Each structure stands twice: as C-alpha cells, then as structure tokens.
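Let's take a walk through this protein together. Have the sequence and the 3D view ready, and follow along as we go.

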Amino acid sequence: MENAIQQCIVCDRQQAVGIAICDQFICYSCEQEMVKTDVRDEKYLFFIKQMRQIWLKKNA
Ligand SMILES: [Zn+2]
C-alpha cells in the first residue's frame, strides 16, 4: 500500500497515514480520536455526521 497524500473527510487536512472507508479517507489522528470518543460525546455526533455524508454521496 502506498502512502499517497489524501484529504481526510473529517478534518479536511492532507494526510498520508490513515484508513479508507468506502473509498473515503480518514487520517490516523481522526481515526484514533473516533476510537476513543465516547458515543455520548458531541464530537462523536460530528464524526457520524461526516460519515453519513460519505454514505449519502455514495448512494446518490
Ligand atoms: Zn483527519
């Protein structure tokens, strides 16, 4: 797997390390933050919102 610079869909920053979900890129730091964010945290809702946008785009 090559480390191409991609734009993170959560923080909008250009990052090389991260994961791809449904062809969309989430950088390592956002992924780590998501993992440790409590579901009751409003930040988690932000992540979900960003993710939903991906799915909506994908199913459009
Ligand atoms: Zn990010």
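Start with Phe-46, which is partly exposed at a relative accessible area of 36%. A quick heads-up before we go on: what you're looking at is a predicted model. Now look at Phe-47, which at 3% relative accessibility counts as buried, because the cut-off for buried is under 20%. How do you describe a pair of aromatic rings? You give the distance of the centres and the angle of the planes. For Phe-46 and Phe-47, the centres are 6.1 Å apart and the planes sit at 55 degrees, so the pair goes down as tilted. The count of aromatic pairs comes to one.

Phe-47 also takes us inside. It belongs to the largest nonpolar core, a set of eleven residues that also includes Ile-9, Val-10, Phe-25, Met-34 and Met-51. Which elements give two or more residues to this core? They are β4 (24-27), α1 (28-36) and α2 (42-59).

Next, slide over to Thr-37, in the loop between α1 and α2. Is Thr-37 buried or exposed? It's buried, with a relative accessible area of 11%. Not counting residues up to four places away in sequence, Thr-37 touches Lys-43, Tyr-44 and, once again, Phe-47. A polar atom of the Thr-37 side chain also lies 2.3 Å from the backbone oxygen of Glu-33.

Now for the metal. Which residues hold the protein donors of the zinc ion? They are Cys-8, Cys-11, Cys-27 and Cys-30, each using its SG atom, lying 2.3 Å from the ion. Along the chain, these donors follow the spacing C-x2-C-x15-C-x2-C. Why call the arrangement tetrahedral? Because the four donor atoms subtend angles of 103 to 114 degrees around the zinc ion. Cys-8, Cys-27 and Cys-30 turn up in the nonpolar core as well. Cys-8 is buried, with a relative accessible area of 0%, while Cys-11 is partly exposed at 23%.

Last stop: Ala-20, in strand β3 (residues 18-21). With 55% relative accessibility, Ala-20 counts as exposed, because the cut-off for that is over 50%.

How values were computed
Residues are numbered from 1 along each chain as its sequence is written. This is a predicted model: local features need pLDDT of at least 70, side-chain atom pairs count only at pLDDT 80 or more; totals for chains, interfaces and linings use all residues. Side-chain values use heavy atoms; hydrogens and water are left out. A nonpolar core is a set of buried Ala, Val, Leu, Ile, Met, Phe, Trp, Tyr and Cys residues joined through side-chain atoms within 4.5 Å. Buried means under 20% relative accessible area, exposed over 50%, partly exposed in between (1.4 Å probe, protein chains only). Helices (H or I, at least four residues) and strands (E, at least two) are DSSP runs, numbered from the N terminus. A polar contact is a pair of N or O atoms within 3.5 Å; within protein, one must be able to donate a hydrogen and the other to accept it, and residues adjacent in sequence count only if both atoms are side-chain atoms. Contact means heavy atoms within 4.5 Å. Donors are N, O and S atoms within 2.8 Å of the metal (3.2 Å for Na, K and Ca); water is not among the atoms, so sites may look incomplete. Four donors count as tetrahedral if all angles lie between 85 and 135 degrees; four count as square planar and six as octahedral if opposite donors are over 155 degrees apart and all others between 65 and 115; anything else is irregular. Rings of Phe, Tyr and Trp (its six-membered ring) pair if their centres lie within 6.5 Å; planes under 30 degrees apart count as stacked, over 60 as edge-to-face and the rest as tilted.
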